[in-house]
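Here is a short report on one protein chain. Look at the structure first, then read on.

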Amino acid sequence: MDGLLDSMGQAVSTIKAATEALESATDFLEQAKAVATQTLEDTSGFLADQPIAARVSNETELLDAINSGQQGLIVIEGSITLSENQVLNLQDGQSLVGANYLDPNKGGKDELIFNMTDTSNQFAVRMANDSSLSNLNITFFSSGRNSLFSVNSKQGVKFSNLNIDFTAQKNENVSRETMIFHFSNSEASFYDQINIKAKGEVTRGINIYNKSSVVINDESNFNIEIDGENIIDSINAIFVSSYCIFDIYSGAILNSEIKNSSTASNLLISKSILNVENAKINLLNQKTVNNNRGFIVGNGSIVNIKQNSVLNIKSSKAINIEATLESCSMNIIEDSEIHVELEGTNTNTIIIQKPASGINTVNFASGTKISVKDHNNPANDGYWKLDKDWEKEVDTNGSNETINDFNSIAEFVDTGETYQMFDDLPEINFDTVVWDRPEVYEDSLQYASIISQYDSLIKDASYKGVNLLQGQDLKVTFNEGRTAWLDVLGKDASSQSLGLVQTSWMTKKDVEKAIEELTNAVNQIRSMSSELGSYYNIVLSRQDFTENLINVLEEGADKLTLADMNEESANMLALQTRQQLAINSLSLASQAAQGILRLF
């Protein structure tokens, strides 16, 4: 019986080990579900909800995939050189992505190469509603004054992780402007890393026009470098006009560098709104001549530099409020900073022109900063912080205002510090660029790690060589005749057996599938826990019964073998009495015999 009791005790421990493991395993699954749910909530980001439509490695396959109209990712595998003047007209919901979007560890470049010579073809790629480009190298050459991307009356357009090598030769026979991105009456977003190296006839690098809304999203890096050597036409790196909204969000960095151009502006806003929120803008005009401007605020515009944003400008003229027709305003607020380096002839930090109507305004809020480094006039140098609001207005009856010397303005308090500009301005080198893995991909790695830990826990749930969570069974015998027993049936609780197979995510549907699998897995785990709980209670009850039965048997045996101490004590006393009487009797008899002998 003691052996049976020991066996049942071991069975209880085995079941308990599995039960405890399931409880901890459920915590792992809930943690994995939290990761998946958070990822699903964040799938408003780039390409998170598109399936793979096709994989292509040559021009014919690429054109067939686009012309099919099938929505989803068209995956570019390797380098595709398109025929001369071949254009791509994406359809709604189509996205061109490099193969390394799906496999970040893939080597080599995924590339599209354009050669545009026909002056009748204005754009090489026409985007569609909800279309996207990601993880691609784009090489573009034009001798016909062509442009690269057209986004015309489209919504939901997205660009992410692009290297663009743009070359446009001058063509005297074509008067139109040459652009890298053109947005008109559209809504579009930039994500992650955008690198643009352009040279030649680039009149407008990024053209945001006609009621468009364009966003550089959180933590993105947008780098544009334009070399205008031997080009006399005006260059605008970023041109925003005609009732548009241009937003640069938290943690984003915009770098604009123009080289070898005598008539250039890095950023021009006209009849539009620019919001810079906790972001950084670097505007660098390498050729510091009189006609080069860093930042132009044109007619009817509103510029808000806010939430600890930083604006760095190097040019001959830094900030130009050139609203000669309609009033505009530039607001530096919420502890933001502006830093200016002036070099060249006829340099100015801030120019405010008088409008034909209304008022042009520059406003520095309390707590904001400005610094100036003037190579022509070091007396203007300084680094100031405002201890109270300062505002400068020029109305239609006033005159143009030029502000260089902030030492003479009481609101500007010299901090006595210096400021190093462009300390994080990168050198664009396409060969060294490694795209960040998509956020959804990174989340799937975390998810897969949790599932791996879950499987390790299941493997460790054994007791004395028996693991009920790996399909091993346990037989528990309840009596010596082995006529009563319980078969504890094990279950395979591994992730594969539970159906947790969607551990690599690239699309929103992948994440939704993972959440569905997790929900089913948790339900299965709870069912297993319930079964084990039933087994546990049965064995525990039989163990208690067996312990009580052993006690009863021992009590019965004791009754058969143990003496009555009162009775035995009485018997012992009587025996001792009889013994003493016998001894006394013998003593008397001996004494009588000795008396008789003495008579003789």
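## Surface and overall form

The protein chain exposes about 27200 Å², and carbon and sulfur atoms supply 45% of it. Accessible areas come from the Shrake-Rupley method with a 1.4 Å probe; for residues, only the protein chains shown count as cover. This is a predicted model, in which local features need pLDDT of at least 70, side-chain atom pairs count only at pLDDT 80 or more, and totals for chains, interfaces and linings use all residues. Residues are numbered from 1 along each chain as its sequence is written, and side-chain values use heavy atoms, with hydrogens and water left out.

The protein chain has 5 helices and 36 strands. These are DSSP runs numbered from the N terminus: helices are H or I with at least four residues, strands E with at least two. The radius of gyration of the protein chain is 43 Å, well over the 25 Å that the globule rule gives for 600 residues, so the chain is more spread out than a compact globule. That radius is taken over C-alpha atoms, and the rule is 2.2 Å times the number of residues to the power 0.38. The C-alpha atoms fill a box of roughly 175 × 65 × 40 Å, taken along the principal axes.

## Burial and contacts

Of the 600 residues in the protein chain, 49% are buried. Buried means under 20% relative accessible area, exposed over 50%, and partly exposed in between (1.4 Å probe, protein chains only). Among contacts between residues at least 6 apart in sequence, 79% join residues at least 24 apart. A contact means heavy atoms within 4.5 Å.

## A covered strand

Strand S28 (residues 348-352) is mostly covered: 5 of its 5 residues are buried. S28 pairs with strand S25 (residues 317-321) in the parallel sense over 4 bridges. There, Ile319 stands opposite Ile350 in S28. S28 also pairs with strand S33 (residues 401-403), in the antiparallel sense over 3 bridges. Here Ile351 stands opposite Thr402 in S33. Two strands pair if DSSP finds at least two bridges between them.

## Aromatic rings

Rings of Phe, Tyr and Trp (its six-membered ring) pair if their centres lie within 6.5 Å; planes under 30 degrees apart count as stacked, over 60 as edge-to-face and the rest as tilted. By this rule the count comes to 16 aromatic pairs. Phe140 and Phe166 form a stacked pair, 4.7 Å centre to centre with 15° between the planes. Both residues, Phe140 and Phe166, are buried.
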